[in-house]
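Subject: Structure handover

Hello,

Here is the structure I said I would pass on. Please open it before reading the rest of this message.

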Amino acid sequence: MPAIEVVLGDLTTQHVDAIVTAANESLLGGGGVDRAVHAAAGPELAAAGSRLAPLDPGDAVATPAFRLDPPVRHVIHTVGPVWEGGGYGEADLLASCYRRCLEVADALGVRSLAVPAISTGVYGYPPADAARIAVSTLLGTRTGVDVVRLVAFDEGTRDLLETELAAQGGR
Ligand code: AR6
């Protein structure tokens, strides 16, 4: 299991081997963290993403990180579930996002990975439930990734992630 750290900050300024973006099925970029990642990486990212699209919810794929500075080797694109009340398999899909990101990272030899709070913005997933799933899935997945940095963009999300990490014995 990877070591998990929680930080408050901007995903695009993390010094890691790879970052995960919360994408949509087109992989062309969108709002939220995906907008910030595409802006930082440059237009090559959408071009590379479009060649791998469409991507199903719960899945993940990697592209180069192009102009991201600090230099990051890969962007891993994952598509979270849109929250529709919880009865449409959203929890399984969200867990699948975290698992697939680790699998893709492993295939690339990634040792450090920064991940945002997938689905909790535009896609409306309740942040406390999403934090529980993020931590439990990461702690329960066998991987060669040494460190997963959960990057919260607001203090509420940061606190939820830290609470889950403590509750689930992640540190
Ligand atoms: N660094 C870290 N976290 C961020 C950043 C940032 N720079 N900017 C926003 N967040 P969202 P989703 C947080 O909406 O819910 C896009 O249009 C944000 O506060 O980015 O999975 C895609 O193209 C929230 O906690 O992703 C899809 O269409 C978290 O990142 C759709 O939105 C996720 O919010 C995906 O929606």
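Below is what was found in it, beginning with the whole chain and then going residue by residue.

**The chain as a whole**

Please keep in mind that this is a predicted model. The protein chain holds five helices and six strands. Read from the N terminus, the order of these elements is β-β-α-α-β-β-α-β-α-β-α. The chain has a radius of gyration of 14 Å, close to the 16 Å that the globule rule gives for 171 residues, so it is as compact as a globular protein of that length. Along the principal axes, the C-alpha atoms fill a box of roughly 40 × 35 × 30 Å.

Of the 171 residues, 47% are buried. Among contacts with a separation of 6 or more, 70% are between residues 24 or more positions apart. The accessible surface of the chain is about 7,600 Å², and carbon and sulfur atoms account for 52% of that surface. As for charge, there are 12 positive and 21 negative side chains, and the centres of these two sets are 6 Å apart.

Strand S4 covers residues 74-79, and His 74 is part of it. The relative accessible area of His 74 is 14%. Because buried means under 20%, His 74 counts as buried. Leaving out residues up to four places away in sequence, His 74 touches Asp 17, Ala 18, Ile 19, Thr 63, Pro 64, Ala 65, Leu 108 and Val 110.

Thr 78 is also placed in strand S4. Its relative accessibility is 0%, so Thr 78 is buried too. A polar atom of the Thr 78 side chain lies 2.8 Å from the backbone oxygen of Asp 59. Asp 59 is also one of the residues that Thr 78 touches, again leaving out those up to four places away in sequence. The others include Val 20, Thr 21, Ala 22 and Ala 23, as well as Cys 97, Cys 101 and Ile 118.

**Thr 143**

Where does Thr 143 sit? Thr 143 is in the loop between helix H4 (127-139) and strand S6 (147-152). With a relative accessible area of 17%, Thr 143 is under the 20% limit and is therefore buried. Beyond residues up to four places away in sequence, Thr 143 touches Pro 2, Leu 102 and Asp 106.

Its side chain takes part in a polar contact with the side chain of Asp 106, at 2.9 Å. A polar atom of the Thr 143 side chain also lies 2.9 Å from the backbone nitrogen of Val 145. Between Thr 143 and Leu 27 there are 25 Å, C-alpha to C-alpha, and the two are 116 residues apart along the chain.

**Backbone points to check**

Most residues other than glycine have a negative phi, and most peptide bonds are trans.

- Leu 27 is not a glycine, yet its phi is positive, at about 55°. Leu 27 lies in the loop between strand S2 (18-23) and helix H1 (32-41), and its relative accessible area of 0% makes it buried.
- Ser 119 also has a positive phi, near 75°, and is a residue other than glycine. Ser 119 is in the loop between strand S5 (112-115) and H4, and is buried at a relative accessible area of 5%.
- The peptide bond from Ala 53 to Pro 54 is cis, with omega near 0°. Pro 54 is in the loop between helix H2 (44-50) and strand S3 (60-64).
- Asp 69 and Pro 70 are joined by a cis peptide bond, with omega at about 15°. Pro 70 is in the loop between S3 and S4.

**Gly 42**

Gly 42 is in the loop between H1 and H2. Gly 42 is buried, since its relative accessibility is 9%. What is the C-alpha to C-alpha distance between Gly 42 and Arg 67? The two C-alpha atoms are 6.0 Å apart in space, while the residues are 25 apart in sequence.

Regards

How values were computed:
Residues are numbered from 1 along each chain as its sequence is written. This is a predicted model: local features need pLDDT of at least 70, side-chain atom pairs count only at pLDDT 80 or more; totals for chains, interfaces and linings use all residues. Side-chain values use heavy atoms; hydrogens and water are left out. Helices (H or I, at least four residues) and strands (E, at least two) are DSSP runs, numbered from the N terminus. Buried means under 20% relative accessible area, exposed over 50%, partly exposed in between (1.4 Å probe, protein chains only). Contact means heavy atoms within 4.5 Å. A polar contact is a pair of N or O atoms within 3.5 Å; within protein, one must be able to donate a hydrogen and the other to accept it, and residues adjacent in sequence count only if both atoms are side-chain atoms. The radius of gyration is taken over C-alpha atoms; the globule rule is 2.2 Å times the number of residues to the power 0.38. Accessible areas come from the Shrake-Rupley method with a 1.4 Å probe; for residues, only the protein chains shown count as cover. Lys and Arg count as positive and Asp and Glu as negative; His and the chain ends are not counted. The place of a charge is taken as NZ of Lys, CZ of Arg, CG of Asp or CD of Glu.
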